[in-house]
Structures are given as structure tokens and as C-alpha cells.
Amino acid sequence: MTGSLAAPLNWALPGAMLLLVLAMLLTLVRLLRGPTAQDRVLALDGMYLNGMLLMLVLAMHYQSNVYFEAALLIALFGCVGTTAMAKFLLRGEVIE
Amino acid sequence: MNAADLPLWVQWLVALLALAGASVALLGSWGVVRLKTYYERVHAPAIIATMGCWLVMWASVVFYSATGDGPALYTLLIAIFIAVTVPISTIFLMRAALFRDRRAHRDVPPSMSGNKSTRTPPHKQSAATADPS
């Protein structure tokens with residue numbers, strides 16, 4: 001008990017990772033089940049946000065900047081991907 | 001500096017911020033699964049992009065500022081980027097969903113600017129007007 005109170009990062013960061021993985025699994029349920037295409041795109045949107053947060057927590061856990069750059073790239077391309085898929089649902093093609 | 005050498009209050013602050021952010025993200029993802037209609041579900045990832053993202057981001061800023069030399073504000077870059085881009089992609093997704101529901105004649109409010117669901121695309125419009133003559 002004193003060990004867990006003296007070093008909270010040892011269990012808090014893996015705990016946060018566990019919660020984020022559970023969150024990703026929940027969005028995966030919506031991705032697989034979602035009745036319409038826009039539900040699936042929405043689930044993917046939530047999933048990349050969760051994945052990005054997971055990368056940030058991993059960066060803190062391993063004290064490595066590589067994960068931070070991965071998180072930045074996920075944030076960048078997740079937005080582009082969601083917008084492109086929404087455009088596809090709207091018009092039937094991405095670039096007109 | 002190693003993470004174990006940090007002052008205890010910094011470790012607790014980082015731990016609580018990270019756990020709170022992850023819990024909020026779990027809450028938002030649960031909303032994506034649990035809410036009934038699409039137009040309720042579309043709001044659920046916003047809680048991940050605002051509260052969850054910012055809490056984890058502050059945990060990261062506190063952690064890197066304590067382990068590094070000075071204030072490490074570069075993680076705020078991601079949060080600001082997310083805050084700018086997520087509303088845009090959500091609005092695009094919302095418009096696409098409304099468009100598809102109007103096409104399928106589901107019970108959604110009509111378009112404010114003309115009836116888009118039956119409007120012909122611009123490249124077919126000239127042919128359609130030229131046809132009767």
C-alpha cells in the first residue's frame with residue numbers, strides 16, 4: 001500500500017492505458033454494429049481520438065518522444081480521414 | 001530526470017490528470033455505443049476531444065515540464081490542433097448524415113436553402129433545361 005502511494009505513476013499510467021483501450025473497444029463495437037455508414041465514420045472518429053490519447057499516455061510511461069510524434073500524426077491524419085469520408089458520403093466522390 | 005525522482009505531488013498530479021482524462025474518454029466512447037439515434041451519438045466524441053484531450057494534455061505538460069529543463073508546451077500543439085479540426089470534421093459528418101437521411105426520406109428537418117435532396121447536380125442541370133426545347 002505504501003509502495004503504491006509513493007509511486008502513483010507506476011499504476012496510474014497503465015490504468016489510464018487500460019481505460020483508453022476499453023474506450024477503443026467500445027467505439028469498435030459501434031464501428032462493427034453501426035446501422036448506417038455515418039455511424040461507422042463517427043465511431044472511427046472517436047477511435048482515432050482515443051488512440052491519440054493512448055499514444056500520449058504511452059509517451060509518458062516510456063518517456064520517449066517517438067510516441068508524441070505518432071500522436072501528432074494520428075491527430076493530423078484522423079481529421080483528414082474523417083473529413084474525406086464525410087465528403088464521400090455527401091457527394092459520392094472525395095475530390096471533384 | 002527519471003519519473004521516480006519527481007516530487008510526490010507532481011507524480012500525483014500527473015496520475016490524477018491522466019486517469020481523469022482516460023475516464024472521460026471512456027465515458028464519451030460509452031456514449032457512442034449507448035445513445036439511441038445518430039443525432040444523439042454525434043455529440044458523444046466531442047467530450048473526448050474537449051475534456052479528455054485537455055486533461056491528458058495537461059498531464060503531459062506537467063510531466064515533461066517536471067522531467068525536462070523548462071516548460072514543455074509543445075504537447076499543447078496537439079490539443080490546439082484537435083480543438084480546431086474536430087468541429088470542422090463533425091460539421092462535415094453532420095451534413096453528410098442529414099443529406100443521406102433526406103435522400104432516404106427519413107423524418108429530419110428540411111433543408112433551409114432549397115430542397116437539396118431532389119436538386120440535380122450542376123452538370124446535369126443544363127441538359128435537363130435544354131431537353132424540352
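In which crossing, left-handed or right-handed, does α4(A) pass α4(B)? I found that α4(A) passes α4(B) in a left-handed crossing; a crossing is left-handed if the near helix is turned anticlockwise from the far one by less than a right angle, and right-handed if clockwise.

**Entry 1. The model.** I noted that this is a predicted model, in which local features need pLDDT of at least 70 and side-chain atom pairs count only at pLDDT 80 or more, while totals for chains, interfaces and linings use all residues. Residues are numbered from 1 along each chain as its sequence is written, and chains are lettered from A and ligands numbered from 1 in the order in which they are written.

**Entry 2. Chain B.** I looked up the secondary structure of chain B and recorded five helices and zero strands. Helices (H or I, at least four residues) and strands (E, at least two) are DSSP runs, numbered from the N terminus. Of the 133 residues of chain B, 32% count as buried. A residue is buried if 20 or more other C-beta atoms lie within 10 Å of its own, exposed if 12 or fewer, and partly exposed in between, with C-beta atoms placed from the backbone.

**Entry 3. The contact of the two chains.** I recorded 44 residues from chain B and 41 residues from chain A in the contact. Two residues are in contact if their C-beta atoms, placed from the backbone, lie within 7 Å. On the side of chain B that touches chain A, two or more residues come from each of α1 (8-34), α2 (38-41), α3 (44-67) and α4 (76-103) of chain B. The largest share of that side, 16 residues, comes from α1(B). By type, the residues of that side are 30 nonpolar, 11 polar and three charged. Ala, Val, Leu, Ile, Met, Phe, Trp, Tyr, Cys and Pro count as nonpolar, Asp, Glu, Lys and Arg as charged, and the others, Gly among them, as polar.

**Entry 4. Helix α4 against helix α4.** I read an angle of about 15° between α4(A) and α4(B), with their axes 8 Å apart. That makes α4(A) roughly parallel to α4(B). Axes are lines fitted to C-alpha atoms, for helices over the stretch in contact, and angles run from 0 to 180 degrees between N-to-C directions. Angles under 35 degrees count as roughly parallel, over 145 as roughly antiparallel, 65 to 115 as roughly perpendicular and the rest as oblique. The residues of the contact of α4(A) with α4(B) are 15 nonpolar, four polar and three charged.

**Entry 5. Helix α3 against helix α3.** For α3(A) and α3(B) I noted an angle of about 10° and axes 10 Å apart. These two helices, α3(A) and α3(B), are therefore roughly parallel to each other. Among the residues making the contact are L49(A) and L53(A) of α3(A), and I48(B) and G52(B) of α3(B).

**Entry 6. Helix α3 of chain A and what follows.** I checked the length of α3(A), residues 37-62: at 1.5 Å a residue its 26 residues should span 38 Å, and its end C-alpha atoms are 37 Å apart, which agrees. The expected span is 1.5 Å times one less than the number of residues. In α3(A), 19 of the 26 residues are buried, so the helix is largely enclosed by the rest of the structure. Q63(A) follows α3(A) and is found in the loop between α3 and α4 of chain A. Phi of Q63(A) is near 50°, a positive value in a residue other than glycine.
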